[in-house]
Amino acid sequence: MGFTYYKQLNIMDCGPTCLRMVAKHYGKNYNMDTIRQKAGFNKEGVSLLGISETAEKLGFRTRGVRISYEKLQTAPLPAILHWKQNHFVVLISIDHKRIKIADPERGMMVYSKEEFTKSWISNNIQNVGEVGTVLLMEPTAVFYELEDNRQSKLNWGVVATYLKPARPQIVQIFISLLITSLLQMILPFLTQTMVDTGINTRNLQYITIVLIAQLTITFSSTVITFIRNRLQLRISNTINISILSDFWIKITRLPVAYFDSHHTGDTLQRLEDNKRIQSFLTSETITTIFAILNFFVYALILTIYSVNIFLVFVAGNLIYFGWIRLFMRIRRKLNYETFHLSARENNATLQMIQGMQEIRLNNAEKLQRWEWEHIQVGVFKLNFKSLNYSQLQSAGAQFISQGKDILLSFMVAQMVIKGELTFGTMLAVQYIIGQLSGPINQFISLLQNYQDAKISMERLNEIHEKADEEPLDSELMTNLPEQKDIVFNKLTFAYPSAGNEPVLKDLSLVIPEAKVTAIVGTSGSGKTTLLKMLLKIHNDFDGELKIGSTNFKFISPSFWRKQCGAVLQDGYIFNDTIARNISVGEEYIDNNRLLQSARIANILSFIETLPNGFHTKLGADGTGVSQGQKQRILIARAVYKDPKYLFFDEATNALDANNEKAIVENLQLFFEGRTVVIVAHRLSTVKSADKIIVLKEGTIVEEGNHDYLTHLKGHYYELVKNQLELGS
């Protein structure tokens with residue numbers, strides 16, 4: 001049975017991709033998103049334990065072992081190997097001379113024993129010798145009973161729909177191409193008649209008329225080509241906007257947790273993939289269709305002149321095409337390597353730019369620059385390898401093409417000498433051969449660009465296959481029940497990745513409606529995670545979470561977030577005015593709400609000192625703000641929404657005592673009639689809460705108001721006693 005190879009789509013995708021290949025080997029087709037979800041994939045990738053647990057969910061019997069090379073030869077294959085201590089590959093076959101590997105990053109590889117053991121052996125164990133890590137896998141009956149998933153993918157039929165709005169322009173382009181082709185076809189006959197009739201009879205007037213006709217045709221073709229290029233540019237821009245806009249629509253519909261498990265560089269690279277598909281549709285396909293049509297017309301004319309010349313031309317171009325074809329697989333592999341390396345380069349560049357202040361403050365300039373340079377060395381090596389193959393391909397193609405042209409020139413000249421062709425016919429044939437070479441090169445270029453576009457489509461499918469957070473035909477609820485308490489019932493949550501301990505364990509609590517509930521605890525106790533669950537960022541949990549009597553999972557995420565205002569630790573300031581940063585999501589700003597929110601957040605006096613006031617621009621292109629000012633803008637943003645629910649995660653930890661006191665007093669009035677959840681360490685923020693929840697290692701250890709918990713002298717007392725100066 002042939003082994004189906006898959007390329008990893010993301011930088012940290014090697015483990016899930018290996019599992020996908022093994023499942024396909026046994027007859028099951030799983031997309032990457034399904035495997036990632038089962039594997040608990042995140043930005044750090046997935047462990048061997050994660051692959052093992054996921055494989056068992058798919059119906060495999062697995063066993064992770066560390067064995068010697070000799071024992072590996074008797075192991076059931078295919079198996080997944082831990083490779084170079086930071087990668088996973090699939091072992092397909094092994095014997096004494098050659099070992100076949102499916103590397104998700106590099107392709108199908110064949111190694112000698114020495115090369116293989118160098119990358120696989122990880123330890124030297126006493127009484128055992130050198131060993132490497134392998135995950136042995138065999139399908140059980142359950143594997144064949146489970147249904148695989150074959151979701152609809154982005155395909156050329158779907159992509160071609162982007163051309164529909166531009167049909168009138170496309171028709172005009174086709175007409176212009178047809179007219180240009182017809183005009184070009186007249187030229188060889190004019191050349192022939194000019195030589196055979198005009199020059200041989202020495203009729204200068206006839207020659208002049210023919211030359212004027214050629215000039216007119218050339219001018220007309222130039223004008224038509226100019227108009228066609230303008231139309232193509234218009235179509236290209238329209239389609240580019242449509243494709244990218246639809247991509248962003250899809251991105252904005254993905255679950256928020258997607259962005260916790262994918263690198264920014266990967267998403268940026270997919271923007272380039274969209275542009276590549278757009279370029280293929282508009283720049284290559286249309287013109288190549290007519291180039292191929294021209295080829296058949298000119299081929300027919302050449303056949304009429306001489307069958308032998310046509311056959312030699314075809315044979316030469318078949319050799320030429322075969323030579324180019326040899327390099328297409330190499331180009332595919334280099335394309336994938338370029339994608340992954342470019343994603344790493346994007347991440348490193350963003351880190352250098354965004355983290356420059358921290359880099360400088362910690363004297364880490366050299367280390368960060370060396371890391372960036374190390375990636376650039378990889379880029380240089382890859383570009384150099386690509387250049388070598390391109391030069392080899394180009395040199396061979398040029399030799400074959402010019403050799404074919406020389407042979408054809410010799411044949412045509414020989415036929416003229418023998419009287420089989422006139423001199424004018426020879427020039428016409430040479431012109432036709434030149435016109436035939438253009439479509440051949442365009443067709444080969446189309447194949448290469450098609451291969452690149454197809455690879456881009458594979459990567460985009462990784463996005464398009466993902467289920468939307470809220471499907472368009474969703475029947476999720478868009479109203480809240482009459483009773484709006486938030487109820488946790490034996491809820492357990494662990495971050496995706498096998499072996500992770502639950503962050504929240506068997507949690508049962510009630511957050512009362514229209515009251516202020518504070519959540520306190522040491523770092524890592526699960527406070528922020530609980531808050532993110534309430535914002536529907538993490539939705540994959542065991543147990544129950546309800547709003548009143550309504551299951552939280554049945555409430556529309558977009559509707560729920562409209563009811564919520566939130567200030568998180570990693571809140572973002574947009575590259576826009578202060579007013580737009582506060583009124584995010586609204587096209588028209590309510591000035592009264594804007595002023596009220598700024599006043600409550602105690603930032604109005606600061607804004608009024610700025611020359612442009614609320615119209616002062618922030619972000620990368622504007623004014624810098626301190627961490628405290630940023631927090632106050634984020635508080636104003638949450639207040640501006642006038643929400644029913646408010647979630648604050650250390651919302652005042654960067655503020656000085658005076659600002660915090662003023663904001664806390666302002667918020668007390670704003671909190672009236674709203675359900676508020678505050679995560680905080682400071683006593684001043686939580687002491688007036690109606691209810692305080694104390695978390696420790698994901699479980700509730702105490703619950704009550706400030707006075708009750710203080711007199712209890714338990715965990716809460718320990719957390720705040722230094723602030724209270726109670727001593728021991």
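Student: I am looking at helix α13 (residues 365-417) and helix α14 (residues 423-464); how do I describe the way they pack?

Tutor: Start with the angle and the distance between the axes. In this predicted model, α13 and α14 pack at an angle of about 160 degrees, and their axes are 11 Å apart. An angle over 145 degrees counts as roughly antiparallel, and α13 and α14 are therefore roughly antiparallel to each other. Their crossing is right-handed.

Student: Which residues of α13 and α14 meet?

Tutor: On the α13 side they are Q393, K404, D405, L408, S409, V412, A413 and V416. On the α14 side they are M426, V429, Q430, I433, S437 and Q448.

Student: What about the rings? How many aromatic pairs does the whole structure hold?

Tutor: A search of the whole structure finds 14 aromatic pairs. Take W83 and Y111 as an example: their ring centres are 5.5 Å apart and their planes stand at 50 degrees, so this pair is tilted. It also links distant parts of the chain, with W83 in strand β2 (residues 79-83) and Y111 in strand β5 (residues 107-111), 28 residues apart. Both W83 and Y111 are buried.

Student: Which ring pair is edge-to-face?

Tutor: F552 and W560 form an edge-to-face pair, with 5.2 Å from centre to centre and 85 degrees between the planes. F552 and W560 are both buried.

Student: Which residues do ring pairs link into a cluster?

Tutor: Look for Y69, W83, Y111, F116 and W120, which ring pairs join into a cluster.

Student: Which side chains lie over the face of a ring?

Tutor: K553 is one of them, lying over the face of F541 at 4.5 Å from the ring centre. Another is R674, over the face of F670 at 3.9 Å from the ring centre.

Student: Back to Y111: why does it count as buried?

Tutor: Burial is judged by relative accessible area, and under 20% counts as buried. Y111 has 10% relative accessibility, so it counts as buried. Leaving out residues up to four places away in sequence, Y111 touches W83, K97, R98, I99, I101, R106 and F116. For a sense of scale, the C-alpha atoms of Y111 and V676 are separated by 61 Å, and the two residues are 565 apart along the chain.

Student: Is T17 buried or exposed?

Tutor: T17 counts as buried, because its relative accessibility is 0%. You will find T17 in helix α1 (residues 14-25). Apart from neighbours within four places in sequence, T17 is in contact with Y6, K7, Q8, M32 and P104.

Student: Where is I547, and what does it touch?

Tutor: I547 is in strand β11 (residues 542-547). It is buried, with a relative accessible area of 0%. Not counting residues up to four places away in sequence, I547 touches L480, P481, Q483, K484, D485, I486, F552, I555, W560 and Y645.

Terms used: Residues numbered from 1 in each chain as written. Predicted model: local features only at pLDDT ≥ 70, side-chain atom pairs only at ≥ 80, totals over all residues. Heavy atoms only, no water. Phe/Tyr/Trp six-rings, centres within 6.5 Å; stacked < 30°, edge-to-face > 60°. Helix = DSSP H or I, 4+ residues; strand = E, 2+ residues; numbered from the N terminus. Buried < 20%, exposed > 50% of the residue type's maximum accessible area, 1.4 Å probe, protein only. Lys NZ or Arg CZ within 6 Å of the ring centre and 35° of its normal. Axes fitted to C-alpha atoms, helices over the stretch in contact; angles between N-to-C directions. Parallel < 35°, antiparallel > 145°, perpendicular 65-115°, else oblique. Left-handed = near helix turned anticlockwise from the far one by under 90°. Contact = heavy atoms within 4.5 Å.
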